[in-house]
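User: I would like to go through this model by question and answer. Please keep it short and give the cut-offs as you go.
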Amino acid sequence: MSIEKKEIYGSRSASSSGNGDKLGESLQSVFELALESQGPERTAQLLEKLATQLRSTPRPSLGQTTPYLNTISVEDQPPYPGDWRVERRIKSLMRWNAMAMVVKANSTTNVGGHISTYASAATLYEIGFNHFFRGATESFPGDIIYFQGHAAPGMYARAFLEGRLDEKHLQNFRQELAEGGGLSSYPHPYLMPDFWQFPTVSMGLGPIMSLYQARFNRYLHARGLTNWKEEPKVWAFLGDGESDEVDTLGAITLGARENLDNLIWVINCNLQRLDGPVRGNGKIIQELEGLFRGAGWNVIKVIWGSDWDDLFARDKSGLLLQRMEECVDGDFQKYVVEPGSYTRKHFFGKYPELLALVTHLKDEQLPKLMRGGHDTRKVYAAYKVAVEHQGQPTVILAKTVKGYGLGEAGEGKNISHQQKKMNEKELREFRERFEIPISDDVIAETPFYRPPADSVETKYLLERRKALGGFLPARIVKPTTLDVPKPDYFVEFFKESRTEISTTTAFGSVLRSLLRHKGINKNIVPIIPDEARTFGLDVLFREIGIYSSKGQLYEPVDSQTLSFYHEAKDGQILEEGITEAGSMASFIASGTSYATHGVPTIPFYIYYSMFGPQRVGDLFWLAGDIRAKGFLLGATSGRTTLNGEGLQHQDGHSLLHASTIPTCLPYDPAFGYELAVIVADGLRRMYVENEDIFYYLSLYNENHAMPPMPPGVEDGILKGLYRFKAGPENPHPASGGHPLPSDGRGAGGEGKNLKAHIFGSGPIIQSALKAQEILAEKYGVSADVWSATSYKLLRTDAIRCQRWNMMHPTEPPKKSYIETLLAKEQGTFVAVSDNIRTVSDQIAPWVPGGLFTLGTDGFGRSDTRARLRRYFAVDAESTVIGTLYALAEKNLISRDIVAQAIKDLGVDPEKMQPQIV
Ligand SMILES: Cc1ncc(C[n+]2csc(CCOP(=O)(O)OP(=O)(O)O)c2C)c(N)n1
Ligand SMILES: [Mg+2]
């Protein structure tokens, strides 16, 4: 390497000072010459070669990273279009009110809240609000903004100044159950459906959702479902600590691959997270720059504020940059907390040339040398470049101070994130620093402050939002109704199937039939993470195409086949590849398009059920919060139905996970007609009645007979339980069977009809049906088989009644569906399914005499279905034994009969138990 380190530093800092750097100019001429004579390809090759050479030098900041300087040089900074003085005053009021909201809430209650996140991000938001974020208009859906969850007080403070919220709202921050309601802690559309659009506070989810949202916008447009003239931008604000979440960075290559120049991330690099520094021993900004550049993003670093421009311009030694590169983030944090004398000694003092640079500044001025993320002009410049940048997504890495302005109370301190209280002295200092017109006599009460409606500040603020299309955040939902198919559209599925099929195959047929329905075919969004073939849906590839922004640039190897791999610019399938988190993010983008774009779409996300809520459960939960609609299809369900795959694949608990989500309706259908009834009703409830709910359906891959739909069962299917097949009236054990009990114990007796009820779900209803036969033939027990389609729905209904009864003890009690349904039934009740018992146990308290459950608790094993079902005791024989045992437990038959049945049915009673601890 012939170029000296010093020269590189010198040249970079000189160029940022705008002094007419000779080396820079020469390089520029060489570059232009190369372009002209060699063309762009060859020039790129040469530059790559040089870059490789640079990377091999010991300088850590070269290579994928650039020097620790602002990406946009002073001379490239555009003039500032607003009145920054007024904007500063407005911003100061927001800072005050946001802080006051949290301090107030914590002076009377201990409900928490965060001051320091917004304090560090105020400028980042205000530049957006005053100059970039466009609200929704008739012809424009509005920019899509993911606000950092912990910065919520700042958004409320702005809405207060805008007149959208009043003091009472702010007073009730985090006290949503207070009289008149309150403000939710974080962005929760479920709780504030007119305000918040996107939940973000579970860190990492905002970033990944924003990525897939930006791509989904393109998809919608490519399919002709939107008619905007200007494309909305997707902005995501995140914390630097948040970047450690795998969800944050794990999918960023999608942004570059899809050329998502509609996407802008702003990472607030305040160098701290909750406990301490994000990278005390390194530099988070540099680390992130390297990652994003490597992933093909446009990276804009906003490190230093304008105060530093002069220092860089005067530093001919290059030592200022060198010193900055020597420091780690832990050092930078220290310079915030310590007085200016410390910074002079330890930062500038390392080199005499640097000390000389700041002799004109007093100690107290040194801490005021602003970081880039607090500098209006620098942030504006970055945003302007970002919105104009083409071909790539942009990430802005803005350096700030956590708890900016809190002073002693927490600026830059490790406790900053948790700071929720301020004493009077700290409040006064805050007031002075930001010039808040609040007098001494009331300051201890931290009153909110809103300037009058005719003040310069209020007028400016409102005018800016008006010019940009309206207030944000705002969730605007215009009711829309889709022409969904009526139940009779599905008559095909109500008939007996000609062959044995699985519910997955039945679902495939339902989906294909919906794709032919004129009313909704366009609105359907099939989402698949690389499992279409597993589910027999590869036929859709050709029929509706796979969405690809690039079309298909190659001839697929299977182009001669019927279901060839067909990618198209207007393809309908979102084939996401192996990313359940990405697929869920697409599900959410599609399931909320009725709100985000005013265009309802119907996601059908089908995936390997084990990799659903177990793997990306937080996104499932978020789908509830964000009021997403659509169908989740957990295919290859069942601990024993998915044979061969073993412990990591066999799912017997997703239904339980799904049951925990308040807006989710989980179903475990056994037959094609049940599936069709559920889908038809779901379409009606979500897209005609506009209920903000979504469906989780277990699908299985075992082929079996699909019977015709018995008359009048629709209501039971939807409510969760109906009698599928009654047991024989008067069963007589065939010869060789065991006669009815005649030992005088219990209520049973020769000639007395013993009754049992078996609730079956999914393919395991077949165990119940076979058990029904054995029980009648061998043991004289008449067992009715019921199809239990949703234990959660039965339970929720029962709980609702129970609560009402508890609160109205003197009124005639209400009866739940399950209680009414079973009230007159005699005998014993047994449930069997391919899920852990907790799923069916959910309804036990409301079953007369209790419920005996059989299920698949424990780890799966790779083996055949028959062996697995015997192992978990959910096969027909085990169901017979379970039913007899339940009868014996009630003294309705002798226990000897159960023991005899165990022998006769060839079940090994000492077989290993699947339960572990
Ligand atoms: C998934 C998840 N884990 C943990 C938390 C708890 N938490 C809330 S804020 C925070 C620190 C945030 O630091 P950073 O992302 O740097 O944001 P800052 O407040 O510094 O802007 C933590 C750990 C959370 N909200 N979500
Ligand atoms: Mg941080």
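User: How far apart are the closest N and O atoms in the salt bridge of Arg428 with Asp440?

Analyst: This is a predicted model, where local features need pLDDT of at least 70, side-chain atom pairs count only at pLDDT 80 or more, and totals for chains, interfaces and linings use all residues. Side-chain values use heavy atoms, without hydrogens and water, residues are numbered from 1 along each chain as its sequence is written, and chains are lettered from A and ligands numbered from 1 in the order written. A salt bridge needs a side-chain nitrogen of Lys or Arg within 4 Å of a carboxyl oxygen of Asp or Glu. For Arg428 and Asp440, the closest N and O atoms are 3.0 Å apart.

User: Why does this pair tie together parts of the chain, and how many residues apart are they?

Analyst: Arg428 sits in helix α17 (residues 424–434) and Asp440 in helix α18 (residues 440–443), so their pairing ties these parts together. Helices here are DSSP runs (H or I, at least four residues), numbered from the N terminus. The separation in sequence is 12 residues.

User: Which residues do salt bridges that share partners join into one network?

Analyst: Glu689 and Arg684 also meet in a salt bridge, at 3.6 Å, N to O. The network joined through shared partners consists of Glu424, Arg428, Arg431, Glu432 and Asp440.

User: What share of the accessible area of ligand 1 does the protein cover?

Analyst: A polar side-chain atom of Lys402 lies 2.6 Å from an oxygen atom of ligand 1. Backbone contacts come from Val201, 2.9 Å from a nitrogen atom of the ligand, and from Gln272, 2.9 Å from an oxygen atom; a polar contact is a pair of N or O atoms within 3.5 Å. Of the 590 Å² that ligand 1 has on its own (Shrake-Rupley method, 1.4 Å probe), the protein covers 77%.

User: How many residues of helix α27 are buried?

Analyst: Helix α27 spans residues 672–687 and reaches 22 Å from its first C-alpha to its last. The helix is mostly covered. Its buried residues number 14 of 16.

Definitions and conventions. Helix = DSSP H or I, 4+ residues; strand = E, 2+ residues; numbered from the N terminus. Expected span 1.5 Å × (residues − 1). Buried < 20%, exposed > 50% of the residue type's maximum accessible area, 1.4 Å probe, protein only. Polar contact = N/O pair within 3.5 Å; in protein donor to acceptor, adjacent residues only side chain to side chain.
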